Amino acid sequence: MKKLILAALFVSLATILFVENTVLNAAEDVLYGGDIVYTKPVKSVIFSHKAHVEGKKLDCDACHSGLFDPKALKAQEKSDFNMDSLYKGKYCGACHNGKTAFASNTQCARCHIGVKGYAASKQKTVSTASVPAGPKQPITIGSGDSAVKFSHASHEKSFGCDECHANVFPMKSGKTKVTMEAIYQGQYCGACHNGKKAFASSECLKCHAKVPAPKTPLIYKPKGAAPVNFSHDFHASAFKCDDCHKKLFVMQKGGSKMKMDAMYEGKSCGKCHDGKTASSVSDCGKCHK
Ligand code: HEC
Ligand code: HEC
Ligand code: HEC
Ligand code: HEC
Ligand code: HEC
Ligand code: HEC
Ligand code: HEC
Ligand code: HEC
Ligand code: HEC
């Protein structure tokens with residue numbers, strides 16, 4: 001019995017250790033570079049990722065979803081990177097306000113490390129600096145049929161972190177609700193996947209393992225006519241998604257204008273329902289039932 005309990009204890013301890021370990025690995029998985037030492041307008045102010053991320057357990061997105069671009073020394077290119085801005089709650093002052101962290105008008109020397117500190121940190125930075133890298137494993141965006149895997153490894157070859165964080169994505173999984181409409185409008189993945197910078201968003205299967213079409217018919221109840229059932233079951237088996245999306249219809253029920261007048265002119269459903277590709281628009285009962 002004792003042995004059993006011991007074994008159980010051991011297993012649970014191992015699990016705890018294992019979990020701890022994976023958390024640690026996850027943290028190590030993401031490399032954020034070494035300390036950053038600012039030199040403008042004054043030499044020399046230190047920012048330590050280690051102290052903030054490991055010491056204070058701050059999430060990446062506490063700083064990299066708008067406050068700071070993940071690119072060393074980018075902030076000091078801006079003319080308002082000074083104490084005045086900090087006092088107004090910008091940059092480091094977003095936290096160093098006397099509430100979240102020690103105020104910017106106190107303990108000057110903790111941030112301003114002086115000439116000696118600068119020399120010492122230069123040596124340290126060289127020895128601890130690492131090439132910044134995002135999560136090694138692909139991350140999943142969304143859930144269910146439409147979920148998409150995103151690989152940092154393949155994107156990092158061509159882009160710095162600041163290309164995507166924070167203007168395109170926050171530095172935290174699951175914070176954004178990505179829709180195809182937004183992608184087509186040039187947001188999120190669509191900032192590049194527009195057929196120019198990278199393959200177009202119409203190449204569904206390059207991002208989706210399988211493309212999720214609605215399983216039940218979309219039902220419309222127009223005024224002055226019987227209801228219309230539009231079935232993806234049939235249409236998506238005979239055509240490719242991008243035969244209709246988004247050339248003819250947006251990918252959202254009720255999002256497209258669907259008027260008979262337009263159909264008679266060969267638009268909307270009338271693009272195909274012209275009596276040649278498919279039954280004619282004048283065959284009212286085909287659609288209105
Ligand atoms: C408390 C704020 C804060 C947190 C939390 C934080 N960072 Fe940073 N990070 C910064 C600042 C400040 C810079 C430098 C930006 C500048 O100088 O304009 C920076 C720069 C970077 C860089 C660029 C490094 C280089 O050498 O160019 C990367 C990559 C980075 N951060 C990743 C991360 C990751 C990953 C996390 C989470 C594990 C994280 N950061 C958490 C504030 C933070
Ligand atoms: C998201 C909030 C946040 C931002 C932004 C932030 N800090 Fe901090 N910082 C903290 C917290 C929390 C602590 C620890 C609290 C304390 O000691 O009062 C801390 C501590 C520090 C320390 C002491 C570290 C140590 O080893 O004891 C320094 C130095 C520092 N920050 C500098 C900066 C600089 C420079 C910037 C801007 C480039 C900055 N911080 C931006 C939250 C932040
Ligand atoms: C939370 C960190 C932090 C604290 C605390 C801090 N500073 Fe700064 N300071 C900065 C940053 C960041 C800059 C801009 C980068 C640079 O100049 O290297 C800066 C720049 C400056 C500058 C040049 C720009 C300007 O505003 O004129 C002066 C002067 C300065 N600090 C003085 C002080 C004094 C005096 C104190 C204490 C009363 C102090 N700082 C406390 C972070 C801090
Ligand atoms: C081509 C765009 C792109 C580039 C470049 C990029 N990322 Fe990301 N990153 C993303 C996306 C997308 C997410 C997930 C956002 C979401 O789910 O809302 C993400 C999330 C993250 C996360 C959060 C992971 C989690 O599980 O919460 C970290 C950390 C991260 N990135 C770090 C980096 C670092 C460090 C770099 C530079 C070495 C980088 N990223 C470069 C697109 C990019
Ligand atoms: C900053 C620009 C940029 C953003 C933002 C971006 N990509 Fe990419 N992506 C590229 C480039 C460039 C390539 C390589 C060229 C190509 O294949 O057309 C690529 C390649 C890919 C590939 C093929 C390589 C691989 O990883 O298998 C996939 C899949 C992909 N991206 C998915 C996404 C998804 C999903 C998003 C949004 C979460 C996204 N990308 C956001 C620029 C970007
Ligand atoms: C560049 C990568 C990329 C391409 C190409 C792409 N998607 Fe997506 N798609 C995404 C991402 C990321 C999401 C968000 C995942 C989630 O939240 O489930 C998404 C979500 C969706 C959704 C659910 C949300 C919504 O907007 O309805 C559908 C349906 C969808 N995609 C269909 C398609 C179809 C059809 C195509 C081709 C015409 C396509 N996708 C091409 C990246 C892509
Ligand atoms: C013959 C044309 C056609 C084809 C092919 C087609 N769709 Fe659609 N789809 C539509 C129409 C019409 C709508 C509704 C638009 C509206 O109401 O504005 C729609 C709506 C959608 C919606 C939104 C459903 C909702 O409830 O909001 C999704 C998701 C979708 N389509 C995915 C797909 C996918 C994935 C494919 C390929 C496998 C595909 N469609 C192929 C015509 C088509
Ligand atoms: C890309 C071409 C195309 C578009 C666009 C299109 N259809 Fe069709 N549809 C067809 C073809 C081909 C058939 C099969 C031949 C036939 O029955 O006329 C068909 C068949 C049908 C049928 C009978 C089969 C079934 O699924 O019950 C209905 C109803 C229908 N379509 C409604 C619509 C409506 C409503 C729209 C617009 C929202 C539309 N279609 C847009 C090509 C299209
Ligand atoms: C290919 C399928 C299709 C055929 C055939 C069709 N309709 Fe429609 N009809 C629709 C769709 C889809 C809507 C829009 C539903 C909505 O948005 O609520 C619509 C809307 C309408 C409306 C209300 C809005 C408007 O545009 O006036 C009337 C009235 C109407 N149809 C009458 C007819 C008549 C009469 C015929 C035959 C001459 C016919 N329809 C043939 C698909 C069809």
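Modeller: The largest share of the shell around ligand 8 comes from helix H10, with 3 residues. Helices here are DSSP runs of H or I with at least four residues, strands are runs of E with at least two, and both are numbered from the N terminus. This is a predicted model, where local features need pLDDT of at least 70, side-chain atom pairs count only at pLDDT 80 or more, and totals for chains, interfaces and linings use all residues. Residues are numbered from 1 along each chain as its sequence is written, while chains are lettered from A and ligands numbered from 1 in the order in which they are written.

Around ligand 8 there are 21 residues, and Phe234, Cys269, Cys272, Ala278 and Ser279 come nearest. Two or more residues of this shell come from each of strand E6 (228-230), helix H10 (232-238), helix H11 (241-244) and H13. A residue is near a molecule if its C-beta atom, placed from the backbone, lies within 6 Å of it. By type, the shell around ligand 8 has 12 nonpolar, 6 polar and 3 charged residues. Ala, Val, Leu, Ile, Met, Phe, Trp, Tyr, Cys and Pro count as nonpolar, Asp, Glu, Lys and Arg as charged, and the others, Gly among them, as polar.

H13 also takes part at ligand 9: this helix (residues 284-287) gives the most to the shell there, with 3 residues. Ligand 9 is surrounded by 18 residues, the closest being Tyr220, Pro222, Met260, Cys284 and Cys287. That shell divides into 10 nonpolar, 4 polar and 4 charged residues.
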